[in-house]
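Q: Hi! Could you walk me through this one?
A: Happy to, let's bring it up.

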Amino acid sequence: MICPFCRNDDSRVVDSRPADEGTLIRRRRECTGCGRRFTTSETSVLLIIKRSGATEPFSREKVIAGVRKACQGRPVDDDDLALLAQRVEESLRGDGQAEVEAQEFGMAILAPLRELDEVAYLRYASVYRNFASLEDFEGEIALLRAAPSNNKKFSTTSSTSNSQTLSSSSK
């Protein structure tokens, strides 16, 4: 590490501490040339390889922005979206790869989104998986019905009671 004071390229680590919930390491260093101390920060970078071949760093903000569109008009708040983005990042980092294909990145969003809100999941999946026909939607809906999500926040009982309320109020 180059000393910011004398530009010497040799320093020794005096102290290391995790920060930012373990995603960052702060190191206190001492220059072997001038003896002054300085602090450095280290983070691991997760890169997304886009379809064009370009790479860009993973961004929770981009995950939230993309999923927010699918959740428009749904009872999903900002905390839910932040938690979803965190889960996606943890899932991708858990694989131990420094670079992830955009397709794999998009697929990593689907499972937590399905748990959050099945309608938002269907919207997102229709765009991400390039649904081309009504049969694509019907097939995905059949899968959703065959294996219901473990969603605690948006249970199917609330939609059933809503439809019962609507039918009884129309009488």
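Q: Which side chain does Arg 37 meet in a salt bridge?
A: That would be Glu 30, with N to O at 3.3 Å. Keep in mind that this is a predicted model.

Q: Which residues are linked with them in a network?
A: Arg 12 joins Glu 30 and Arg 37 in a network of salt bridges. A search of the whole structure turns up 13 salt bridges.

Q: What does Glu 140 pair with?
A: Its side chain forms a salt bridge with Arg 129, 3.0 Å from N to O. This pair connects distant parts of the chain: Glu 140 sits in helix α5 (residues 134–146), and Arg 129 lies in the loop between α4 and α5, 11 residues apart. Glu 140 is buried at 8%, whereas Arg 129 is partly exposed at 34%.

Q: Switching topic, which residues touch the most other members of the largest nonpolar core?
A: Phe 105, Ile 109 and Leu 113, out of 30 residues in that core. Helix α3 (102–116) is among the elements that each supply at least two residues, and α3 gives the largest share, 7 residues.

Q: And what is Ile 109 in contact with, beyond its sequence neighbours within four places?
A: Val 63, Val 67, Leu 84, Val 88 and Tyr 124.

Q: How many helices and strands are there in the protein?
A: It has 6 helices and 6 strands.

Key
Residues are numbered from 1 along each chain as its sequence is written. This is a predicted model: local features need pLDDT of at least 70, side-chain atom pairs count only at pLDDT 80 or more; totals for chains, interfaces and linings use all residues. Side-chain values use heavy atoms; hydrogens and water are left out. Helices (H or I, at least four residues) and strands (E, at least two) are DSSP runs, numbered from the N terminus. A nonpolar core is a set of buried Ala, Val, Leu, Ile, Met, Phe, Trp, Tyr and Cys residues joined through side-chain atoms within 4.5 Å. Buried means under 20% relative accessible area, exposed over 50%, partly exposed in between (1.4 Å probe, protein chains only). Contact means heavy atoms within 4.5 Å. A salt bridge is a side-chain nitrogen of Lys or Arg within 4 Å of a carboxyl oxygen of Asp or Glu.
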